[in-house]
Amino acid sequence: MVAQKFVVDLNKPLVFQVGHLGEAYDEWVHDPIVSKEGPRFFQNGFLELFTRTAWWVIPTVWVPVASWFISNSVKSGLPSLDVALLVFLGIFVWTLAEYTLHRFLFHVKTKSYWGNTLHYLLHGCHHKHPMDSYRLVFPPVAAAILALPIWNLVKLICTPSVAPAVFGGILLGYVMYDCTHYYLHHGQPKSDVPKSLKKYHLNHHYRLQNYGFGITSPLWDKVFGTVPPPQSKGDAKRR
């Protein structure tokens with residue numbers, strides 16, 4: 001007997017369906033549906049509410065939190081210049097965290113039921129529906145869960161007066177990342193740098209998902225050899 005291939009019904013809540021795809025999940029999730037209308041995730045309306053986040057929620061929630069952390073370093077007696085340098089260090093550290101999370105966590109290969117389900121919630125939904133504006137930025141609760149171990153690591157490495165400024169910088173870097181990410185999908189850049197970033201990121205979505213993991217910058221792609229190869233004329237003709 002040949003096992004019947006599971007087919008996802010896009011008219012029904014998706015989250016508890018995608019796990020049944022097994023090994024076919026990776027191919028399915030990287031075959032995007034380009035529509036501004038997003039799918040329903042859960043039948044339960046309360047759960048569904050927590051899957052949708054407007055882009056402006058990110059700076060509204062996290063800029064005050066970052067400012068509070070930075071102010072603790074100021075109150076500890078560190079000179080203002082030192083605090084500013086530590087914040088910039090945190091922003092730089094975020095760029096590496098952004099790359100690492102995107103490459104190794106958001107693009108982890110899964111085939112089990114719960115592996116597929118969790119991956120879809122974490123990042124797969126964005127690749128399947130890349131223009132869904134309410135599933136593009138991270139919900140604050142999910143971001144807080146990821147931020148907690150990063151904060152604990154910063155506290156372990158840095159002194160009590162230094163750690164808050166560095167972590168505040170990391171949070172500001174995250175805000176810049178999520179707002180930039182939203183803009184690259186929904187903005188219409190006019191100048192060369194944002195135009196180049198938009199092209200670079202959309203290339204990650206629609207051509208080579210295993211390259212181009214940097215969002216705010218291609219720096220770490222260049223360092224680790226994951227810059228997408230140039231599109232050949234044959235590729236362009238096929239598209």
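Asp-221 is found in helix α10 (residues 219-224), where helices are DSSP runs of H or I with at least four residues, numbered from the N terminus. The model is predicted, so local features need pLDDT of at least 70 and side-chain atom pairs count only at pLDDT 80 or more, while totals for chains, interfaces and linings use all residues. Residues are numbered from 1 along each chain as its sequence is written, and side-chain values use heavy atoms, with hydrogens and water left out.

Leaving out residues up to four places away in sequence, Asp-221 is in contact with residues including Tyr-99, Phe-213 and Thr-226, contact being heavy atoms within 4.5 Å.

Asp-178, which lies in helix α8 (residues 163-186), is likewise buried without a salt bridge. Beyond its neighbours within four places in sequence, Asp-178 is in contact with Ile-58, Leu-136, Val-137 and Phe-138.

| Residue | Nearest side chain of opposite charge | Backbone nitrogen reached by the side chain |
|---|---|---|
| Asp-178 | Arg-135, 13 Å | Phe-138, 3.0 Å |

**Helices α4 and α7**

Ile-58, one of the contacts of Asp-178, is also among the buried residues of α4, together with Val-57, Trp-62, Ala-66, Phe-69, Ile-70 and Ser-73. These buried residues pack against α5 (80-105), α7 and α8. With 19 residues, α4 reaches 28 Å from its first C-alpha to its last, close to the 27 Å expected at 1.5 Å a residue, and just after α4, Gly-77 takes a positive phi of about 105°.

In α7, the buried residues Ala-143, Ala-147, Trp-151 and Val-154 pack against α4 (57-75) and α8. A kink of about 30° lies at Ala-147, shortly before Pro-149, the bend being the angle between axes fitted to the seven residues ending there and the seven starting there. The end C-alpha atoms of α7 (residues 140-157) are 25 Å apart, which agrees with the 26 Å that its 18 residues should span at 1.5 Å a residue.

Terms used
Helices (H or I, at least four residues) and strands (E, at least two) are DSSP runs, numbered from the N terminus. Buried means under 20% relative accessible area, exposed over 50%, partly exposed in between (1.4 Å probe, protein chains only). Lys and Arg count as positive and Asp and Glu as negative; His and the chain ends are not counted. A salt bridge is a side-chain nitrogen of Lys or Arg within 4 Å of a carboxyl oxygen of Asp or Glu. A polar contact is a pair of N or O atoms within 3.5 Å; within protein, one must be able to donate a hydrogen and the other to accept it, and residues adjacent in sequence count only if both atoms are side-chain atoms. The expected span of a helix is 1.5 Å times one less than its number of residues.
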